[in-house]
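Reader: Please show me the structure. I would like to ask about its cores, rings and ligand surroundings.

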Amino acid sequence: MPGTLRVILGDQLSPGIAALADLDLERDAVLMAEVRAECTYVKHHAKKLILVLSAMRHFARALQARGVRVDYVRLDDPENTQSLRGEMLRAVQRHRPERVVATEPGEWRVAEDIRRWQACLADEADGQEVEIRDDTRFFCRIQEFLTWARDRKSLRMEFFYREMRRRHGYLMEGGAPVGGQWNFDAENRKSLPKTVRVPGTPAFEPDAITREVMALVAQEFPDHLGSAEDFSWPVTGAEARRALDDFVTHRLPQFGDWQDAMKTGAPFLFHALISTSLNLGLLDPREICAAAEMAWLKGHAPLNAVEGFIRQILGWREYVRGLYWLHMPGFASTNFLEATRELPAFYWTGETRMNCLRQAITGTIAHAYAHHIQRLMITGNFALLAGIDPDEVDEWYMVVYADAYEWVEMPNTRGMALFADGGLVGSKPYAASGAYINRMSDYCKACAYDVKDAVGERACPFNYLYWDFFARHEKRLAGNIRLAMPLRTLERMDGAKLKAMRRKAAAFLESEQCKP
Ligand code: FAD
Ligand code: DLZ
Ligand code: SF4
């Protein structure tokens, strides 16, 4: 008897995903397909490909163990059409279901494709209905965010976050935030003293399934960035939960204090390393926030750490997703600062004399990971100051990080890092000179450049690029109160000094080191 064909995409690996809600074990089939189109729409880092394909295979196996009929198409299946739509159509021919059920995808590109499935089925099969369900794994459904945004003048994250705290009750007491404050960010910007010991992070040994995928990725995608060796991200819900426990036990208590710090040889510091699992669906945001809140209730972690962490998940993550859907497809072509420079080749190799960029990029290539401040204040900040084309920067962030999906990558890159959206995500560009990097890291001590110098032979490029940025955009940014200080300093600056810095900026950006 025909049943329902339930489609699960590679980042929908949650047992409670909406498409499986009313699964009938006797009649239904679940389609999962490894397809080249999804592996190559950007040339994802090898470790991201291993992560997604291995997690898909583990999830399929777990469903099968529960008695679910999983129709799993492997990448090297000779019949594979290598596109999601092609595989859905082939599966409809195989199963002749009554209907097709999917969960809304995370990216506009895929959503547009799935919206066309109905018409394709009408042409080629028995005219089955395609039902697309809301993705209930987020705290805030897309429609709820659009409603919240509709009649508001200001869509700032802080207002959204407070609303989410009230609605979901984390760290609340009688309708008010515990500790009498919504936000402890002011306590979370400390630089890291040398004496602080950085805890280790768990490694997840590849099993036979992952090892097979590692070989497949090495063979099929040899020209993608990164090595298919030394893979150790969690690929199952159980492993992801172990990673979360390890974070809550060993790093959450200090997460707040050192959230913005950077240190040579310590790519993970006190960060959670859960975005890869969370974005695939191996972890649910509710269990993460509950675990963090429990750590505070038990007195294991202080409020500034727990509030800061919950804000990232309940606030920022949900907020950027809402803004993505509110502003797509227009978001993808925003370029408020009219930036057109090509991405320097060192973004792909880490070969630059600027130690901060070298550290952030070599870590990225090695692990398909960098923490938030490296992404925002090192690679993002340089791209902002240098005026790199947002399309190229967007593509780089999509390629290099194992947790990158457009719904979360684009608002962070075009919005937060590049201000290409003109202020939809953040209220000002996160432009910073070498002084900030020196305060928050130990990178400058081992750098060929002098962070205290802005015009001399060894002047730190971030210093002259910073002032060149403000001089270039002075008129465009003039009305922004949050930039009043740098703009006033610029106005008062000695003309000859500014000219010298701008000359240095132009020469540096044209130099061999910044060649695309
Ligand atoms: P932690 O620092 O321990 O934070 C905990 C969790 O909070 C993260 O796992 C993540 O789920 C959430 N979170 C924190 N900050 C953000 C944020 N700004 N937006 C959304 N969620 C957040 N995150 C992605 O998941 N995918 C991306 O493609 C991505 N691209 C980024 C690009 C740029 C330019 C910038 C500045 C940030 C980007 N981020 C992205 C946000 C953030 O850097 C990562 O979520 C974080 O570094 C993941 O590591 P972690 O799990 O150790 O995070
Ligand atoms: C990211 C990714 C990759 C690399 N491969 C697949 C795949 O082979 N099959 C699949 O169903 N999904 C894959 N994905 C995830 C999709 O690209 C993802 O569903 C969209 O990016 C929407 O978020
Ligand atoms: Fe980066 Fe400048 Fe510091 Fe070198 S001196 S690490 S370029 S900020």
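This is a predicted model: local features need pLDDT of at least 70, side-chain atom pairs count only at pLDDT 80 or more; totals for chains, interfaces and linings use all residues.

Reader: How many residues does the largest nonpolar core have?

Author: A nonpolar core is a set of buried Ala, Val, Leu, Ile, Met, Phe, Trp, Tyr and Cys residues joined through side-chain atoms within 4.5 Å. Buried means under 20% relative accessible area, exposed over 50%, and partly exposed in between, with a 1.4 Å probe and protein chains only. Met32 and Phe470 are among the residues with the most contacts inside the largest core, and the core's residue count is 159.

Reader: Is tryptophan 325 buried or exposed?

Author: Look at its relative accessibility, which is 14%. The cut-off for buried is under 20%. Tryptophan 325 therefore counts as buried.

Reader: How far apart in sequence are the parts that tryptophan 108 and tryptophan 325 tie together?

Author: The two form a tilted aromatic pair, 6.2 Å centre to centre with 40° between the planes. Rings of Phe, Tyr and Trp (its six-membered ring) pair if their centres lie within 6.5 Å; planes under 30 degrees apart are stacked, over 60 edge-to-face, and the rest tilted. Helices are DSSP runs (H or I, at least four residues), numbered from the N terminus. Tryptophan 108 is in helix α4 and tryptophan 325 in helix α13, so the pair joins parts whose separation is 217 residues.

Reader: Over the face of which residue does arginine 286 lie?

Author: A charge sits over a ring if NZ of Lys or CZ of Arg is within 6 Å of the ring centre and within 35 degrees of the ring normal. Arginine 286 is 5.4 Å from the ring centre of phenylalanine 139.

Reader: How many residues of the shell around ligand 3 are nonpolar?

Author: The surrounding residues include Met354, Gly434 and Phe462; near means a heavy atom within 4 Å. Ala, Val, Leu, Ile, Met, Phe, Trp, Tyr, Cys and Pro count as nonpolar, Asp, Glu, Lys and Arg as charged, and the others, Gly among them, as polar. The shell has no charged residue, 1 polar, and its nonpolar count is 10.

Note on methods
Residues are numbered from 1 along each chain as its sequence is written. Chains are lettered from A and ligands numbered from 1 in the order in which they are written. Side-chain values use heavy atoms; hydrogens and water are left out. Helices (H or I, at least four residues) and strands (E, at least two) are DSSP runs, numbered from the N terminus.
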